[in-house]
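Hi,

Here's the structure I promised to pass on. Have a look at it first, and my notes follow below.

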Amino acid sequence: MSTFTQEDALLLEDVATKEENQLVIYNDDVNSFEHVINSLIDVCNHEAIQAEQCTHIIHYNGKCSVKMGRYDKLEPMCVALHDRGISAEIQ
């Protein structure tokens, strides 16, 4: 059982106010290239070629930063990707 410390709160505050957070998608053995590409287009407003390139990076490198920005802008995208079964996090 972990406890939430003041240091944890400061780290979360730092992430929330940071101007350039990254939305990172991780590779898995479940989702197809087509599903990830379509999700990047629909959720992250990528152009088709950008979504395809990110998907290849995810496949070959294990992860890819697909969007940068403020936490409050990335968080709904991260949730939408999770809803589509895609492993993503904001860093």
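How much space lies in the largest pocket? About 160 Å³. A pocket here is an open set of points on a 1 Å grid over the protein atoms alone, where a 1.4 Å probe fits, with protein on both sides within 12 Å along at least five of seven lines; lining residues have an atom within 4 Å of a point. The volume is the space filled by probe spheres set on the points, which are joined across faces, edges and corners.

Before going on: this is a predicted model, where local features need pLDDT of at least 70 and side-chain atom pairs count only at pLDDT 80 or more, while totals for chains, interfaces and linings use all residues. Residues are numbered from 1 along each chain as its sequence is written, and side-chain values use heavy atoms, leaving out hydrogens and water.

Back to the pocket: 13 residues line it, and Asn27, Asp28, Asn31, Val36 and Ile58 are the closest to its centre. Helix 3 gives the most to the lining, with three residues. (Helices, H or I with at least four residues, and strands, E with at least two, are DSSP runs numbered from the N terminus.)

Three strands form an open, antiparallel one in the order 2-1-3; strands pair if DSSP finds at least two bridges between them. Strand 2 (63-69) and strand 3 (88-90) are at the edges with a single partner strand each, so one side of each has no neighbour in the sheet. Strand 1 and strand 2 are joined by six bridges, and tyrosine 26 has lysine 63 in strand 2 as its bridge partner.

Cheers
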